[in-house]
Amino acid sequence: MTTDIPQVKAALRTQAIETPSWAYGNSGTRFKVFAQQGVPRTPQEKIDDAAQVHRFTGVAPSVALHIPWDRVDDYAALAAHARDAGVRVGAINSNVFQDDDYMLGSVTNPDPAVRRKALDHLLECVDIMDLTGSRDLKLWFSDGTNYPGQDDIRARQDRLAEALAAVYDRLGDDQRFLLEYKLFEPAFYATDVPDWGTSYAHCLKLGDKAQVVVDTGHHAPGTNIEFIVAFLLRENKLGGFDFNSRFYADDDLMVGAADPFQLFRIMHEVIQGGGYGEHVAFMLDQCHNIEPKIPGQIRSVMNVQEATAKALLIDVEALRAAQNAGDVLGANAVFMDAYNSDVRPLLAELREDMGIDPDPMAAYSRSGYFEKIRDERKDGQAAGWGA
């Protein structure tokens, strides 16, 4: 295991983990959303909550928005509100899955009028990026079919490609889009962007401003996600992550909850593949249904930090030597030594060096912020969606 702790700390200082605005509202699984106290009522209040996560972790400087969930009249003012709170607006997430018109799809819908409506929304999101200074547009499509013969599979791919090309052409020089994928749900026969290969193929055809986003909960059981990460990094097509976990089918659990070892393996590939920097965006994509919102985000950020710290502790020279010698057990031992390290004391020292409390969860609990928002937000309509 490497002993260059100052270098590890320096790398951890540069980490930036983006939290999602929707994680602070009432949201959760598909069968029921349990309302909580103190939930934000406006995008501004979501940003205020996100700023608390950054305050207590020191590595969550941006918050992703979701349109129309976070629609406001003045996006420049919203970006200024974020700066005043100590964070910035991050990725803009589009929403072409919650309108009745999209029952048979959005950009792949057989009706050209519906496709036009969906594309107009995606272009609106780029307009919002111009106003907020955001770099990334996140695209996820629920488009697909439930029954064989329902629609032409190839034609739907043509429609998807046409829409993606139009969005790509609208992007500014310093902007890009990240194309997400999902194995299934809500399309149960054929999903139009079901896997990383489909996303990669469309992005490869378009150019450098089209990148793949890897959602850690969007794969078939047993999928080797770190292989996908390594491949996309090798091809310069990994734009970012949506960090979350799942045990069975959904993907809204806290990152590192289901398989912390997998998260460690992913971070190792990110670091070794040159993805530990500004180009690859580390974003959380989670909904907290039974756990409190802000602590859930703090714990998630800490989980990513811990996995990253362990990955940075791998003795890469020893690992390469064992690999080159064909020493299977020796190589695995180097890997496991780092994973089995307790990095919590190291991270506590790092936080003290950064001038923040070494225990973010306890510090937030003592801060009184929850009691404050619980009392202040009693009236009005809480943000979120029902199920």
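Helices and strands are DSSP runs, of at least four residues for helices (H or I) and at least two for strands (E), numbered from the N terminus. On this assignment, P68 lies in the loop between β2 (62-66) and α3 (75-85). The model examined here is predicted.

In total, 14 helices and ten strands are found in the chain. The radius of gyration is 21 Å, close to the 21 Å given by the globule rule for 387 residues, so the chain is as compact as a globular protein of that length. The C-alpha trace spans about 60 × 55 × 40 Å along its principal axes. Of the 387 residues, 55% are buried. Where contacts join residues at least 6 apart in sequence, 79% of them link residues at least 24 apart. The accessible surface amounts to about 17,000 Å², and carbon and sulfur atoms contribute 52% of this area. The chain carries 38 positive and 58 negative charges, and the mean positions of the two sets are 2 Å apart.

Helix α6 comprises residues 196-206, and its buried residues are T198, S199, Y200, H202 and C203. These buried residues are covered by elements that include the helices α5 (153-170) and α7 (225-234), together with the strands β6 (176-179) and β8 (210-215). After α6 comes G207, which has a positive phi near 135°.

The cysteines were examined next. A disulfide is a covalent bond between the sulfur atoms of two cysteines. With a cut-off of 2.5 Å between cysteine sulfur atoms, the count is zero disulfides. For C125, the closest cysteine sulfur belongs to C203 and is 17 Å away, which is too far for a bond. C287 likewise takes part in no disulfide, the nearest cysteine sulfur being that of C125 at 18 Å. C125 has a relative accessibility of 0% and therefore counts as buried. C287, at 11% relative accessibility, also counts as buried.

Two further buried positions were considered individually. E45 is part of helix α2 (residues 43-57). Its relative accessible area of 13% places E45 among the buried residues, and beyond its neighbours within four places in sequence, E45 contacts P40 and R377. V343 is located in the loop between α11 (328-339) and α12 (344-353). The relative accessible area of V343 is 3%, and the residue is buried. Neighbours within four places in sequence aside, V343 makes contact with E306, A309, K310 and L313. The C-alpha atom of V343 is separated by 27 Å from that of G222, with the two residues 121 apart along the chain.

Backbone geometry was also inspected. Most residues other than glycine have a negative phi, and most peptide bonds are trans. A cis peptide bond is present between I67 and P68, with omega about 20°. Another cis peptide bond connects E185 to P186, where omega is about 5°. P186 is situated in the loop between β6 and β7 (190-191), and E185 is found in the loop between β6 and β7 as well. E185 is not glycine, yet its phi is positive, near 80°. At 18% relative accessibility, E185 falls under the 20% limit and therefore counts as buried. N236, another residue other than glycine, has a positive phi near 60°. N236 occupies the loop between α7 and β9 (238-243) and is exposed, with a relative accessible area of 60%.

Notes:
Residues numbered from 1 in each chain as written. Predicted model: local features only at pLDDT ≥ 70, side-chain atom pairs only at ≥ 80, totals over all residues. Heavy atoms only, no water. Rg over C-alpha atoms; globule rule 2.2 N^0.38 Å. Buried < 20%, exposed > 50% of the residue type's maximum accessible area, 1.4 Å probe, protein only. Contact = heavy atoms within 4.5 Å. Areas by Shrake-Rupley, 256 points an atom, 1.4 Å probe, with all protein chains shown as cover. Lys, Arg positive; Asp, Glu negative; His and termini not counted. Charge placed at Lys NZ, Arg CZ, Asp CG, Glu CD.
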